[in-house]
Amino acid sequence: MHQKDYYITASCRISNQVIHKDRQKIFEDNKPSLTDFLLSAYDHFGFQYPKFYKMDTLSKLGWLASEVLLKNSFPQLHYKPEEVGIVLSNSNASLDTDIKYFDSTKEFASPSLFVYTLPNIITGEICIRNKFKGENAFFIQERFDADFIKQYAGYLLNNNILQCCICGRVDVIQEDYEALLVLIEKSGTGNHVLFTTENIQSLNQK
Amino acid sequence: MDTLLSDLKKQIVEQLNLQDVKPEDIGDEQPLFVEGLGLDSIDALELIVLLQQHYKIKLANADEGPKVFYSVKTMADYIRTHQQKAV
């Protein structure tokens, strides 16, 4: 089936202690640890979501990226909950939390860490926050594969399984981290670029 | 103030990562779940771990959970009862 044109109407990238929204640097903080950086960003943007404190680092990173991505960019009223979905990937799955959980089992296994020992929990956190009920998927890949993400999300949009999709990568292992989320819609906005493999790769390098 | 109650409040805030709650803001008889402090089922498991970790008490009967973890005061009463039994 011919894939129609879809649009990247917003993007958020978090890496190297900097947050970019639509390619513009909107936050920077040289906090030594990732956890401190994420808490600092949470405070800076004035988010109010106590559950954030309980999330593991991977979910904190993905949740924060989704909040920045959607803030002032997402026309929530245009979509029914089941029309919005999420397609994410990373290379390290939930290994960062798996190791912390394993360490906790040496004394008292932590139930609150255990619930984050799957990488797709992050999609659940974003869905719960925004009341999204559409298809969601989380893929583990050796390297970020923009073409795969483009094909998979494109299929969901082409077949009207979704009308809007959040795609990208969210990865954490110890102090190494990367997040890139893009908002894909069927209609463009003033700031849109075409949803192509090259444009995703370009955003991933900025 | 009762030391056990104040210790429990600090331990609950720490164990459950309630960074937006101060221990002194938790009422002795304030419900911990739903309409009170808003804890959830995972928090309930963490409270069971807290009892084991800090007070060496295992919740023998899971059905007792809602009564034991109703408030900080009911937790303190349960701890005192079991510590007396252990003496």
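Two residues are in contact if their C-beta atoms, placed from the backbone, lie within 7 Å. The model shown is predicted.

**View 1. Contact between chain A and chain B.** Chain A contributes seven residues to the contact, and chain B contributes nine residues. On chain A, helix H2 (51–54) and helix H5 (111–114) each supply at least two residues of the side that touches chain B. That side of chain A comprises five nonpolar residues, one polar and one charged.

**View 2. Helices H3 and H6 of chain A.** H3 spans residues 57–70 and H6 spans residues 121–130. Their axes come within 9 Å and cross at roughly 40 degrees. That makes H3(A) oblique to H6(A). The crossing of the two helices is right-handed. From H3(A), the contact uses Leu58(A), Ser59(A), Gly62(A), Trp63(A), Ser66(A) and Leu70(A). From H6(A) come Ile121(A), Ile122(A), Glu125(A), Ile126(A), Arg129(A) and Asn130(A). Sorted by class, this contact holds six nonpolar, four polar and two charged residues.

**View 3. The largest nonpolar core.** This core has 49 residues. Leu61(A), Ala65(A), Leu69(A), Cys165(A), Val182(A) and Ile184(A) have the most contacts inside it. H3(A) gives the most to the core, with eight residues.

**View 4. Surroundings of Val182(A).** Neighbours within four places in sequence are left aside here. Val182(A) is then in contact with Ile8(A), Ser11(A), Cys167(A), Gly168(A), Ile200(A) and Leu203(A).

Conventions. Residues are numbered from 1 along each chain as its sequence is written. Chains are lettered from A and ligands numbered from 1 in the order in which they are written. This is a predicted model: local features need pLDDT of at least 70, side-chain atom pairs count only at pLDDT 80 or more; totals for chains, interfaces and linings use all residues. Axes are lines fitted to C-alpha atoms, for helices over the stretch in contact, and angles run from 0 to 180 degrees between N-to-C directions. Helices (H or I, at least four residues) and strands (E, at least two) are DSSP runs, numbered from the N terminus. Angles under 35 degrees count as roughly parallel, over 145 as roughly antiparallel, 65 to 115 as roughly perpendicular and the rest as oblique. A crossing is left-handed if the near helix is turned anticlockwise from the far one by less than a right angle, and right-handed if clockwise. Ala, Val, Leu, Ile, Met, Phe, Trp, Tyr, Cys and Pro count as nonpolar, Asp, Glu, Lys and Arg as charged, and the others, Gly among them, as polar. A nonpolar core is a set of buried Ala, Val, Leu, Ile, Met, Phe, Trp, Tyr and Cys residues joined through C-beta atoms within 7 Å. A residue is buried if 20 or more other C-beta atoms lie within 10 Å of its own, exposed if 12 or fewer, and partly exposed in between; C-beta atoms are placed from the backbone.
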